[in-house]
Amino acid sequence: MKAVKLNPKVWVLHADIESKDLFEGIWPIPEGVSLNSYLVKGQKTALVDLMRDWCSAPEELKKQLADAGVDLTKIDYLILNHLEPDHTGWLAEFKKINPTVEIIATAKGVELVKSFYKINDGLRAVKSGDVLDLGGVTLCFEEVPNVHWPETMATFEPESGVLFSCDAFGSYGKLGNRVFDDEYYAEDHALFEEESLRYYANIVASFSLFVKKAIEKLVKLPIKVVAPSHGLIWREKPQTIIDRYLKFANYMEGPQEKEICVVWGSMYGNTRLALEALLQGIEDELIPYSIHRVPDEDVAFVLADAYKSAGIVIAMPTYEYKMFPPMAYVLNMFERKHVWNRQALRIGSWGWVGGAKKEYEAAIAPLKWTSLESIEWAGAANDAVLTQLREQGRELARAVKAG
Ligand code: FEO
C-alpha cells in the first residue's frame, strides 16, 4: 500500500490488519480493519493518530511516510485524538525514534499517555477551540468525549474542511489500495455499510447519546471530508457516513428497522424444531428476519442484527434451572450495548424442570423491552404448542410493523 495524497497538505496513511486476533480482544474481524493515520504538512509537520504494532503496521507507516517524503524523525507534532492502543500501541517506540516530537491530546489523553506509556515529557494538553498553527495550515481541536472513551477529540483542518474524526464514523473492513468512498462500487459499499454497523454495535453503541451530542457539535463545522481512524475516507459523500452514524445512534432508543432478530440455542433440537413454527408466523406477516444460533455464531454478529432490529426473539431451553448459558452472555451484551426498546418474545423447551424465566426476566429488566407472553413447553412441542408459536410469531411481526 502507498501513501495517498488527499490534498496538497494532507496525506492518508494506513495499514490493513488481517488477523485472527480479536479487535479489543473481543470482536472478530473477518473482513479486516484498517488503522488510518494522517500526515499534515505545513512549515511544520503533524501526524494525526498513530498505530499499534500489529501485523507490521509500524513498518507500513514508515514506508508510507517515506512515500510522502517525510522521515519519522522529522515529525514535529503527534496528535492523538484518542488513546486506545490500536492507535497508540507503538507510541513508546515512536518516541524513542523521535524524542523531540510534541505529543498533543486532551488533558485526559495526556494522563493516559503517562499511564499507558510512561512518557512524561513533550506533552501538550488541548481543549475545544484550541488551534495548532503548522505554518500554512492550521489544525483545530474539538473534544468529543465518550466517542467512545472519555478523552476523545476530533481534529479539523479548516482550509480544506477535513475532519479527522478518530473512531467516530469508522468501520471494520480493510481498504487495500483504495481509501476513498468514490473508489468503490455499490456492492463494496454494501459490505462497508454492514461492517460499519457491526463496528458501531460492537464498539460505539454504549455511547450513542454522546455520539448524537458529538454529531450536533461537529456538523457546525464546514466539513468537506470525513477522515476516520478506521475504514473509508469520505471525500465525495461525507454526509453519507454522518447520516449513517446518526441513524445508528438513534437505533438505541428507536426507531429501529422493521425487522426481527431471532437468536436461538438448542441442546438436543426441541427448541429448534418448534422455532420453525414461530418463523412461519413471522413470514406470514412478511416481516424480514435474521437468525443466529448461539454459541455457534459470535456475539459480534448477533449484536449487529439485534441493534438495528425493532423485534427480538430469544429461543432457548432451560439449562440447570436457568437460562441456556450462551444466551445469558448474549443478553448481558445487549444490556451493555443498550439494545433498548424492542418488541420481544421468549420461547423455549424444558426437560426435567423449568427455570429460565426468572433469570431471563431479571436480565432483560434494564432493556425496556415490550414483551409478548412467553411460550414454554415440556420436551418436544405438540401440535397445540406449534399452533400457539405460529400465532405468537404473527403477533410479534404485527407489533414490529405497527411500531
Ligand atoms: Fe480505534 Fe477506540 O480505538
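**Exercise 1. Strand β2**

How many residues of strand β2 (residues 10-17) are buried?

Residues are numbered from 1 along each chain as its sequence is written. The model is predicted, and local features need pLDDT of at least 70, side-chain atom pairs count only at pLDDT 80 or more, and totals for chains, interfaces and linings use all residues, while side-chain values use heavy atoms, with hydrogens and water left out.

Solution. 

Step 1. Buried means under 20% relative accessible area, exposed over 50%, and partly exposed in between (1.4 Å probe, protein chains only). Helices (H or I, at least four residues) and strands (E, at least two) are DSSP runs, numbered from the N terminus.

Step 2. Count. In β2, eight of its eight residues are buried.

Step 3. Sort the residues by side. In a regular strand the side chains alternate between the two faces of the sheet. One side of β2 carries Val 10, Val 12, His 14 and Asp 16, the other Trp 11, Leu 13, Ala 15 and Ile 17, and both faces are covered.

**Exercise 2. The sheet around β2**

Find the order of the strands in the sheet, and say which strands stand at the edges.

Solution. 

Step 1. Define pairing. Two strands pair if DSSP finds at least two bridges between them. Strands of a sheet pair through backbone hydrogen bonds, either parallel or antiparallel.

Step 2. Start from β2. Strand β1 (residues 4-7) pairs with β2 in the antiparallel sense over three bridges; Asn 7 has Val 10 of β2 as its bridge partner.

Step 3. Write down the order. The open sheet has seven strands, β1-β2-β3-β4-β5-β6-β7, and its pairing is mixed. Strands β1 and β7 (123-126) each have a single partner strand, so one side of each lacks a neighbour in the sheet. From one strand to the next the twist averages 25 degrees, where axes are lines fitted to C-alpha atoms, for helices over the stretch in contact, and angles run from 0 to 180 degrees between N-to-C directions.

Step 4. Check the β7 end. Strand β6 (residues 102-106) and β7 pair in the parallel sense over four bridges, and Thr 106 has Val 126 as its bridge partner in β7.

Step 5. Contact means heavy atoms within 4.5 Å. Helix α4 (residues 107-117) lies across β6 and β7 and runs at about 125 degrees to β6.

**Exercise 3. Ser 37**

Describe the surroundings of Ser 37.

Solution. 

Step 1. Locate the residue. Ser 37 is in strand β3 and is buried, at 0% relative accessibility.

Step 2. List neighbours. Leaving out residues up to four places away in sequence, Ser 37 touches several residues, among them Trp 11, Leu 13, Leu 47 and Leu 61.

Step 3. Look at the polar atoms. A polar atom of the Ser 37 side chain lies 2.8 Å from the backbone oxygen of Asp 49.

**Exercise 4. Salt bridges**

Solution. 

Step 1. Define the term. A salt bridge is a side-chain nitrogen of Lys or Arg within 4 Å of a carboxyl oxygen of Asp or Glu. The structure holds 27 of these salt bridges.

Step 2. Take the pair. The closest N and O atoms of Asp 182 and Arg 235 are 2.7 Å apart. Asp 182 lies in the loop between β11 (162-166) and α5 (186-204), and Arg 235 in the loop between β12 (225-228) and α7 (238-251), so the pair ties together parts 53 residues apart in sequence. Asp 182 is partly exposed, at 31%, and Arg 235 is partly exposed, at 35%.

Step 3. Take another pair. The side chains of Glu 259 and Lys 308 meet in a salt bridge of 3.4 Å, N to O. Glu 259 is in strand β13 and Lys 308 in helix α9 (residues 299-308), 49 residues apart. Glu 259 is partly exposed, at 21%, whereas Lys 308 is buried, at 19%.

Terms used. A polar contact is a pair of N or O atoms within 3.5 Å; within protein, one must be able to donate a hydrogen and the other to accept it, and residues adjacent in sequence count only if both atoms are side-chain atoms.
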